[in-house]
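Hi everyone, thanks for coming. Let me put the structure up on the screen, and then we can walk through it together.

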Protein chains: 2
Amino acid sequence: MPSATTSTSERVQDAALRLFAERGYHGTGIRQLADAAGLSSASLYHYMGTKEELLVAIMRSSLTGLLDAAEQVVQMDDPGERLDALVRLHVRTHATAPEQTRVVDDEVNALSAGARAEVVALRDRYETLWQSALDDGVARGAFRIGSVAVARRALLEMCSGVARWWTPDGELDLDDLQREYAGLARRLVGAPLRHAESW
Amino acid sequence: MPSATTSTSERVQDAALRLFAERGYHGTGIRQLADAAGLSSASLYHYMGTKEELLVAIMRSSLTGLLDAAEQVVQMDDPGERLDALVRLHVRTHATAPEQTRVVDDEVNALSAGARAEVVALRDRYETLWQSALDDGVARGAFRIGSVAVARRALLEMCSGVARWWTPDGELDLDDLQREYAGLARRLVGAPLRHAESW
DNA sequence: GGCTTCCGATCGATCGATCGATCGGGCATC
DNA sequence: GATGCCCGATCGATCGATCGATCGGAAGCC
């Protein structure tokens with residue numbers, strides 16, 4: 001008796017997401033997956049392909065969502081505001097969907113070559129948006145950066161970390177968190193602070 | 001016929017390190033481990049306890065090494081130079097021993113509760129050193145930081161990321177890398193740059 | 001030196017358990 | 001009676017771990 005608002009295949013996806021994030025892909029068995037979804041391991045295969053296809057589906061949906069949002073954000077003209085928006089988007093995504101982002105970040109190596117190529121291609125497109133945003137900021141004199149490639153990696157790693165510790169009932173709420181990281185990012189790229197902030 | 005300079009148990013540890021870093025703990029089987037070490041799966045158990053104890057040993061040795069070094073570094077008096085030394089140590093370690101650090105960072109969740117407690121305790125001691133270094137810098141007016149807890153996490157995450165991309169034959173050598181990250185860190189904590197660097 | 005004893009090192013065979021996946025059939029609803 | 005949904009039973013493979021047994025050399029004794 002499925003709920004009126006949640007389809008069975010959605011329940012399977014949700015269970016997989018939760019377990020993959022918690023135990024890892026290789027650490028999660030088909031039978032645990034079935035238990036969490038309220039099905040037998042045989043019924044599971046009515047709603048999914050292979051276990052790997054389930055993982056890929058999770059990664060694809062997470063990455064395409066982030067990528068689409070970033071492609072909108074990146075159209076802003078001011079380099080500082082554009083970086084600000086990118087950081088806020090990335091941090092917000094990692095804070096509110098930590099399981100998705102952790103699976104994407106941690107389980108890429110669990111994929112077979114073909115599937116990995118697709119996922120890595122999506123990730124590369126996303127990182128290219130950041131790279132261009134930073135390059136443009138440097139070219140227009142808004143940022144002062146030694147190595148843009150290093151700064152890009154440092155920025156992304158530091159923002160992704162949010163998925164590993166932030167919770168909504170901690171000291172910082174989501175707005176604080178985004179503001180904090182946006183400030184760190186501006187400093188990191190050598191951009192002036194907004195509104196004469198000084199801390 | 002073992003080599004004169006490498007004991008068998010060291011070869012087991014090295015093989016485990018390489019495979020755990022590449023395929024993950026749950027993705028690595030006992031037989032793969034044995035093949036990589038040049039032993040049968042039965043002989044493996046002459047040199048190790050359980051597979052999990054092998055993982056714990058790798059993590060412990062990596063974390064205690066880093067912790068010992070950090071405890072030396074942290075005795076420096078000047079907050080800016082101390083942070084500089086911490087960043088350089090962390091980056092150098094992650095760049096030159098990426099497999100160890102990746103296993104430590106990625107496989108903590110694969111541990112059982114007891115083993116995880118020990119490893120997390122070591123990691124917490126290390127992070128406390130950073131926290132104190134940042135607190136002291138703020139108290140003495142050397143750093144301007146919004147949330148020290150956020151800055152600490154951002155710093156550590158961004159520096160740890162080095163283990164995921166840096167190679168010795170890329171554009172940056174190890175010195176460049178450390179300098180680059182030390183500069184990013186100083187900016188992040190709102191400390192003045194050294195030697196009137198400006199980029 | 002010769003003989004015995006012992007032990008570290010190694011392996012083939014195998015354990016019970018679990019892995020991911022499949023099959024055929026039951027039970028609804030239409 | 002066809003279609004969609006579901007599961008018990010089962011597949012071959014592999015999992016982590018252990019077993020008994022073998023081999024070669026070091027140590028102890030005469």
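Let's start with how the two chains relate. In this predicted model, chain A superposes on chain B by a rotation of 180° with 0.0 Å of shift along its axis, at an RMSD of 0.1 Å. That is the relation of a two-fold axis; the copies are superposed by least squares on the C-alpha atoms of residues with pLDDT of at least 70 in both. Which residue of chain A comes closest to the rotation axis? A:Met158 does, with its C-alpha at 2.3 Å. The same surface serves both copies, as 100% of the contact residues of chain A recur in chain B.

A quick word on conventions. Residues are numbered from 1 along each chain as its sequence is written, while chains are lettered from A and ligands numbered from 1 in the order in which they are written. As this is a predicted model, local features need pLDDT of at least 70 and side-chain atom pairs count only at pLDDT 80 or more, whereas totals for chains, interfaces and linings use all residues.

Now, the contact between the chains. It takes 26 residues from chain A and 26 residues from chain B, where two residues are in contact if their C-beta atoms, placed from the backbone, lie within 7 Å. On the side of chain A that touches chain B, the elements giving two or more residues are α8 (148-160) and α9 (174-188) of chain A. Helices here are DSSP runs of H or I with at least four residues, numbered from the N terminus. The largest share of that side, six residues, comes from α8(A). By class, that side of chain A has eleven nonpolar, nine polar and six charged residues. For those classes, Ala, Val, Leu, Ile, Met, Phe, Trp, Tyr, Cys and Pro count as nonpolar, Asp, Glu, Lys and Arg as charged, and the others, Gly among them, as polar.

On to the DNA. Around DNA strand C there are 15 residues, and A:Gly29, A:Ile30, A:Ala42, A:Thr50 and B:Ala42 come nearest; near means a C-beta atom, placed from the backbone, within 6 Å of the strand. Which element gives the most to this surface? That is α3(B), with four residues. DNA strand D is also surrounded by 15 residues, the closest being A:Ala42, A:Ser43, B:Gly29, B:Ala42 and B:Thr50. The surface near DNA strand D has five nonpolar, eight polar and two charged residues.

Finally, let's look inside. Helix α6 (residues 98-106) of chain B is mostly covered, with seven of its nine residues buried, and buried means that 20 or more other C-beta atoms lie within 10 Å of the residue's own, all placed from the backbone. Those buried residues pack against α6 of chain A, together with α1, α4, α5 and α8 of chain B.

In chain A, the buried residues of α4 include A:Leu54, A:Ile58 and A:Leu66, and the buried residues of this helix pack against α1, α5, α6 and α7 of chain A.

My last stop is A:Trp130, in helix α7 (residues 113-139) of chain A. Why does A:Trp130 count as buried? Because A:Trp130 has 22 C-beta neighbours inside 10 Å. Leaving aside neighbours within four places in sequence, A:Trp130 is in contact with A:Leu86, A:Arg152 and A:Leu156.

Methods. Buried ≥ 20, exposed ≤ 12 C-beta atoms within 10 Å, placed from the backbone.
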